[in-house]
Amino acid sequence: MFDLIPFRKRNEDPFGHMLKSFNDMVENSFLSPFGTGSQPFRTDIREEEDKYSVEAELPGIAKEDIDIQVQGNELIIRAKRNDVVEQKDDSNRIIRQERRSGEFIRRFYVDHIDEEHIKARLEEGVLKLEIPKRLGDDQSRRRIQID
């Protein structure tokens, strides 16, 4: 039986993990106030008898900027962020402007789920998915709406 497993965790080898850690350290400057935007968002996955529960941290992202799809044996969560911080002086001239944008994607291996009855909601920056289990081997593609 297959479980809900993050794709990047399934096939990692120790050398690849070490190399990724080194690259993260070099690429992500601690001096950057917004980071690079390349880090995946954090998720919690719980398995219950009849469903999987997924909670993904997406603070500051509107539900219109989140796309959830089931494609074959993949659950794909995409989120886009486009933030602009602007400071103006007394003459209404911009003296500082910062932007933070990027796309965050997580892919999870899923098997034996009921795609038709997946529920999604966004509460206080946390995307909550309820993914019911099912028996069968249908492979389809479906987009999930957020309530």
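Is E123 buried, partly exposed or exposed? I looked this up before anything else. E123 is partly exposed, at a relative accessible area of 35%.

**Ground rules**

I am working on a predicted model, where local features need pLDDT of at least 70, side-chain atom pairs count only at pLDDT 80 or more, and totals for chains, interfaces and linings use all residues. I number residues from 1 along each chain as its sequence is written, and side-chain values use heavy atoms, with hydrogens and water left out.

**Overall layout**

I counted two helices and nine strands in the protein chain. Helices (H or I, at least four residues) and strands (E, at least two) are DSSP runs, numbered from the N terminus. The order along the sequence is β-α-α-β-β-β-β-β-β-β-β. The protein chain has 147 residues, and 29% of them are buried. I then turned to contacts, meaning heavy atoms within 4.5 Å. Of the contacts with a separation of 6 or more, 61% join residues 24 or more positions apart.

**Salt bridges**

I took a salt bridge as a side-chain nitrogen of Lys or Arg within 4 Å of a carboxyl oxygen of Asp or Glu. The count is eight.

I began with K133 and E47. Their closest N and O atoms are 2.5 Å apart. K133 is partly exposed at 23% relative accessible area. E47 is partly exposed too, at 44%.

Next I went back to E123. It forms a salt bridge with K128, with 3.1 Å between the closest N and O atoms. R121 and E130 also form a salt bridge, at 3.8 Å from N to O. R121 is partly exposed at 31% relative accessibility, and E130 is partly exposed at 27%. Which residues are linked in the network of salt bridges? I found K51, R121, E123, K128 and E130.

**Strands β2 and β3**

I checked how β2 and β3 pair. They run antiparallel over five bridges. Two strands pair if DSSP finds at least two bridges between them. β2 and β3 form a hairpin, with three residues between them. R46 has S53 in β3 as its bridge partner.

D44 is in strand β2. D44 is partly exposed, at 45% relative accessible area. Beyond residues up to four places away in sequence, D44 touches S53, V54 and E55. I also looked at D44 against K128. They are 84 residues apart along the chain, and their C-alpha atoms are separated by 9.6 Å.

**Nonpolar core**

A nonpolar core is a set of buried Ala, Val, Leu, Ile, Met, Phe, Trp, Tyr and Cys residues joined through side-chain atoms within 4.5 Å. The largest one has 23 residues. Which of them touch the most other members? I noted I66, I68, L75, I77, L127, L129 and I131. At least two residues of this core come from each of β3 (51-57), β4 (66-71), β5 (74-88), β6 (94-109) and β8.

I followed L129 further. Setting aside neighbours within four places in sequence, L129 contacts Y52, S53, V54, I68, L75, I77, K119 and A120.

**Positive phi**

I logged two entries on backbone phi. H112 is not a glycine, yet its phi is positive, about 60°. H112 is in the loop between β6 and β7 (119-123). H112 is partly exposed at 23% relative accessibility.

E124 is also a residue other than glycine with a positive phi, near 50°. E124 is in the loop between β7 and β8. Is E124 buried or exposed? It is exposed, at 85% relative accessibility.

Notes
Buried < 20%, exposed > 50% of the residue type's maximum accessible area, 1.4 Å probe, protein only.
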